[in-house]
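Colleague: I am new to this structure and would appreciate a guided discussion of its pockets, its helix packing and its charged pairs.

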Amino acid sequence: MMTILGEACGKLLGYNIAVWQTVDILDVWFIGTVYYHVLRFRLRRYFLLSGVLYTAFALVDMFVINDLWNGIKNELVTVNNYTLVVKHLLLISLILLYFEQSLRHLRNVALERDPVFIISVALLIFHAGTFVLFLVRTSLTSLWEYNSMTIPLLTTLNLVMYVLLAYAFWLTGREPQTVPQAAHSQSVHS
């Protein structure tokens with residue numbers, strides 16, 4: 001929905017940076033809500049506060065640091081670099097907390113058949129890869145060099161993420177496959 005809105009704003013208004021910066025805020029809320037319901041850590045009670053603080057920080061970054069209104073008036077590209085760093089670190093942290101929880105509470109379920117595990121892998125690949133590309137961006141000397149390197153990599157990261165998400169949604173509602181008892185007991189004792 002946000003992609004359609006962003007493209008429509010770009011075509012109709014000639015400026016869609018505000019939509020993409022809003023997506024950065026909504027990503028954390030949507031993904032954070034999923035992990036709020038999946039995680040069973042005591043830290044979970046701080047999710048709402050973290051979301052509010054992140055949103056406040058993102059809005060300050062958007063309107064004060066990057067001066068979005070000036071960007072809209074003058075059709076300038078404004079980049080919310082600080083928000084992107086915090087977003088990726090927050091989401092990667094949530095995913096790693098889920099993996100830690102999965103290791104602590106080993107279940108007799110094949111992880112490759114667990115939709116939440118597959119979604120977590122997809123999100124980790126995408127957000128960790130995007131974060132690394134974001135960090136590498138400062139070392140590239142030209143816009144052409146940046147685009148020629150990052151666009152194919154971002155396309156690949158998106159493709160991998162969407163294939164894994166499609167697989168996870170396909171698994172949803174199916175009976176989870178259990179690990180054979182012999183294999184499970186060997187992996188526990190190893």
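**Pockets, packing and pairing**

Modeller: In this predicted model, the lining of the largest pocket receives at least two residues from each of helix 1 (2-12), helix 2 (17-38), helix 5, helix 6 and helix 7 (143-171).

Colleague: What volume does the largest pocket have?

Modeller: The lining comprises 40 residues, and those nearest the centre of the pocket are Val23, Asp24, Asp27, Lys87 and Phe126. By class, this lining divides into 25 nonpolar, eleven polar and four charged residues. The volume of the largest pocket is about 1700 Å³.

Colleague: Which helix gives the largest share of the lining of the second largest pocket?

Modeller: The second largest pocket holds about 360 Å³ of space. It is lined by 17 residues, with Gly32, Phe47, Ser50, Gly51 and Leu94 closest to its centre. Two or more lining residues come from each of helix 2, helix 3 (47-65) and helix 5. The largest share, six residues, is supplied by helix 2.

Colleague: How many charged residues are in the lining of the second largest pocket?

Modeller: This lining has eleven nonpolar residues and six polar ones. The number of charged residues there is none.

Colleague: At what angle do the axes of helix 5 and helix 6 cross?

Modeller: Two packed helices are described by the angle between their axes and the distance between the axes. For helix 5 (residues 81-104) and helix 6 (residues 115-136), the axes come within 9 Å, and the crossing angle is roughly 150°.

Colleague: Is the crossing of helix 5 and helix 6 left-handed or right-handed?

Modeller: The contact includes Leu84, Leu91 and Phe99 of helix 5 together with Val116, Leu124 and Phe131 of helix 6. Its residues divide into 16 nonpolar, five polar and one charged. As helix 5 passes helix 6, the crossing is left-handed.

Colleague: How many residues apart in sequence are the parts tied together by Asp24 and Lys87?

Modeller: Side chains of opposite charge can pair when their charged atoms come close. The structure holds three salt bridges, and one of them joins the side chains of Asp24 and Lys87 at 3.1 Å, N to O. Because Asp24 belongs to helix 2 and Lys87 to helix 5, the pair ties together parts whose separation in sequence is 63 residues.

Technical notes. Residues numbered from 1 in each chain as written. Predicted model: local features only at pLDDT ≥ 70, side-chain atom pairs only at ≥ 80, totals over all residues. Heavy atoms only, no water. Axes fitted to C-alpha atoms, helices over the stretch in contact; angles between N-to-C directions. Helix = DSSP H or I, 4+ residues; strand = E, 2+ residues; numbered from the N terminus. Left-handed = near helix turned anticlockwise from the far one by under 90°. Contact = heavy atoms within 4.5 Å. Nonpolar A, V, L, I, M, F, W, Y, C, P; charged D, E, K, R; others polar. 1 Å grid on protein atoms, 1.4 Å probe; cavity = no way out; pocket = protein on both sides within 12 Å on 5 of 7 lines; lining within 4 Å. Points joined across faces, edges and corners; volume = space filled by probe spheres on them. Salt bridge = Lys/Arg side-chain N within 4 Å of Asp/Glu carboxyl O.
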